[in-house]
Amino acid sequence: MPARAEAIVIGGSAGALDALQTILPSLPRGFALPIVVVLHMLPGRPSGLASVLGGNSALSVKEAEDKEAMSAGTVYLASPGYHLLVEKDRHFALSVDEPVHFSRPSIDVLFESAADAFGKELVGVLLSGANEDGARGLFDIRQAGGVTIVQAPQTAAAPPMPEAALRLGAAAHVLGLVAIGELLRALAGGHFPPGSAVEKVSG
Amino acid sequence: MDAQVTPTPFADVELAHFLDALFERYHYDFRRYAGASLKRRVASALVHFGEDELPTFERRVLEDPAAFAELLRFLTVQVSDLFRDPPYFRAVRERVVPVLATYPSLKIWVAGCATGEEAYSLAILLAEEGLLARTQIYATDIHPESLRTAAAGVYALERFARFSENYLQAGGRASLSDYYTADYSAAVLDGSLRKAILFADHSLATDSVFAEMQFISCRNVLIYFDRDLQNHALGVLESSLCRRGFLGLGLKESLRFTTHANAFREFAPDERLYQRL
């Protein structure tokens, strides 16, 4: 029996903004979990992402700040140019360490630290994207006993990121966007549907 | 790809033991650094050194100061740019400099200067505003190799296209090329800038106040500390500032979650410039 989920982490790059604009509006006000998002964005551009995503969502959307505690029902975005990590005491930490997979923020960095902090109480979601960042981190979440969800590659604008996760055996659930929203609502309500379990954890 | 997949190679208790041992042996204190990124850095050091297990690596580092010196690079080094985050330097120029100009002499501290880019950026800015001649800049770090790089003032030429772009966005009044001499692959910053900066070893974790400053710039340093160490370091910074002195932080850092928020007012909130009350 899995532990109750305490947080959701989501990563993606090309095509993931559109995917989030399907998933986030499907989550109700008062959603029981914090959601932490890393999207690869062009560096150096002011990020209007919080207002774009917040405009369509019942949840409050903001950039995560260093040492900030997580609250349920809030969507936290990684700031451009900074890695976003989760500490064991479940506060955020930022870093300007070197990019991972040419990306800062990197999805792997968020996922690995969150897997370490939350163990099996974590839900990881990897969306559309054009590189392999996030696959390894999602695998770590699965190894730690968390629930892992990958956007079905045939529904992704850019399949390489979900495909990399499938190759690693990181996915417990492979779903389209509407089904991802449904599963997140179920997990927030304490329900754990059995995984579609196409992939077996290896290594 | 599967070969890269390894579980976290060490337990928290092994990491704590390792950090204790480093402090005992070498007096570098990483025990109150923010855990998540420190863990990543130690893990990548293990890969670099070809070690599988932290306890084995610990014995090697304790026996071999050269290995420790190499490890320090993984634990400390930050790469920065000249005029990184141009809006910060623009705000320093337009809002802080007019106040600094009222002092007969100035002490400015770049705390956690890494390889020196920020200290040189401030030196250039102060030169253009006519203040450099009466300013002593202190630039400190815990990493000896970074301090040597910083004091040399030599950077790869390929980085200067971005540096120049930053400089102009930061409100530079001339051309960045006025401040360096280049050969095929590297550029050396002007001697007048290097003379204005004293590079020195100082730890915000274990050392204390050494002078009274009008302005301290400490950017993207505190994010690597846990909350206790952040508060401790901010105590050192606060005690090092004169009344109405300025503190500049990284663009994603703030005093909000610290015990020192009430000692400062927000001076340029977006650029994270604070003024001591």
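Student: How many residues of domain 1 of chain B are in contact with domain 2 of chain B, and what makes a pair of residues count as in contact?
Tutor: There are 9 residues of domain 1 of chain B in contact with 10 residues of domain 2 of chain B. Two residues qualify if their C-beta atoms, placed from the backbone, lie within 7 Å. This is a predicted model, in which local features need pLDDT of at least 70, side-chain atom pairs count only at pLDDT 80 or more, and totals for chains, interfaces and linings use all residues. Residues are numbered from 1 along each chain as its sequence is written, with chains lettered from A and ligands numbered from 1 in the order in which they are written.

Student: Which helix supplies the largest share of the domain 1 side?
Tutor: Helix α4 (residues 65–76) of chain B does, with 3 residues. By class, that side of domain 1 of chain B has 4 nonpolar, 2 polar and 3 charged residues. Here Ala, Val, Leu, Ile, Met, Phe, Trp, Tyr, Cys and Pro count as nonpolar, Asp, Glu, Lys and Arg as charged, and the others, Gly among them, as polar.

Student: Where do the bounds of the two domains lie?
Tutor: In chain B, domain 1 spans 2–76 and domain 2 spans 86–276; such bounds come from an automatic or database domain assignment. Taken over C-alpha atoms, the domain centres are separated by 29 Å.

Student: Which residues of helix α7 of chain B are called buried, and why do they line one face of the helix?
Tutor: In α7(B), residues 144–152, the buried ones are S146(B), L147(B) and A150(B). A residue is buried if 20 or more other C-beta atoms lie within 10 Å of its own, exposed if 12 or fewer, and partly exposed in between. Seen down the axis of α7(B), the buried residues fall within an arc of 100°, so they line one face of the helix. On the other side of α7(B), P144(B) and R148(B) are exposed.

Student: What do the buried residues of α7(B) pack against?
Tutor: They pack against α6 (117–128), β2 (135–141) and β6 (197–201) of chain B.

Student: What makes β3 and β4 of chain B edge strands?
Tutor: Two strands pair if DSSP finds at least two bridges between them. The open sheet has the order β3-β5-β4 in chain B, with antiparallel pairing. Both β3 (154–156) and β4 (180–182) of chain B pair on one side only, and are accordingly edge strands.

How values were computed:
Helices (H or I, at least four residues) and strands (E, at least two) are DSSP runs, numbered from the N terminus. The arc is that of the directions from the helix axis to the C-beta atoms.
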